[in-house]
Amino acid sequence: MKNRYEALLVVNAQGKEESVHDIVDRLESEFKKEGVEIEQVQKMDKRQFSYVAGPLDAGFYVNFVFHAEPDLINKLKSKFKLDPEVYRQHYQRLREKVEKNERREKPAKKLARSK
């Protein structure tokens, strides 16, 4: 059964700011090669890190929302760990998206009458 996930990737584009769009497109195709159904790709701006814990002090943030099998997450982590353009990565399982017409309405409370 496929679950809904969010992946936040920090892209190392130091010296290649013009090609960030190409890097994001390549990462998106890498997700699709693994059998992931991408729901949304959110390209954020370059942001400074609050603390520097490595050779970079800033990176481009990209957020992917997708559906995948649970065992595929570890495969994606190890694959992007070897990618020199992916500086950091974080994965989180999300709740299933509920359509407006599928939401259950709360039953009305019954008032108790005392005599």
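Predicted model: local features only at pLDDT ≥ 70, side-chain atom pairs only at ≥ 80, totals over all residues.
The rings of Phe31 and Phe80 form a tilted aromatic pair, with 5.1 Å from centre to centre and 50° between the planes. Because Phe31 belongs to helix H1 and Phe80 to helix H2, this pair ties together parts that are 49 residues apart in sequence.

## Packing of the two helices

Helix H1 covers residues 20-33 and helix H2 covers residues 72-81; they pack at an angle of about 145°, and their axes are 11 Å apart. The crossing of H1 past H2 is right-handed. On the side of H1, the contact is made by Leu27, Glu30 and Phe31, while H2 contributes Leu76, Lys79 and Phe80. Sorted by class, this contact has four nonpolar residues, two charged residues and no polar ones.

## The aromatic cluster

The structure holds six aromatic pairs. One of them joins Phe31 and Phe66 in a tilted arrangement, 5.3 Å centre to centre with 45° between the planes. Phe31 lies in helix H1 and Phe66 in strand S3 (residues 58-68), so the pair ties together parts that are 35 residues apart in sequence. Phe66 is buried, with a relative accessible area of 0%.

Phe31, Phe66 and Phe80 belong to one aromatic cluster, together with Tyr5 and Phe64.

## Charged ends over rings

Note on methods
Residues numbered from 1 in each chain as written. Heavy atoms only, no water. Axes fitted to C-alpha atoms, helices over the stretch in contact; angles between N-to-C directions. Helix = DSSP H or I, 4+ residues; strand = E, 2+ residues; numbered from the N terminus. Left-handed = near helix turned anticlockwise from the far one by under 90°. Contact = heavy atoms within 4.5 Å. Nonpolar A, V, L, I, M, F, W, Y, C, P; charged D, E, K, R; others polar. Phe/Tyr/Trp six-rings, centres within 6.5 Å; stacked < 30°, edge-to-face > 60°. Buried < 20%, exposed > 50% of the residue type's maximum accessible area, 1.4 Å probe, protein only.
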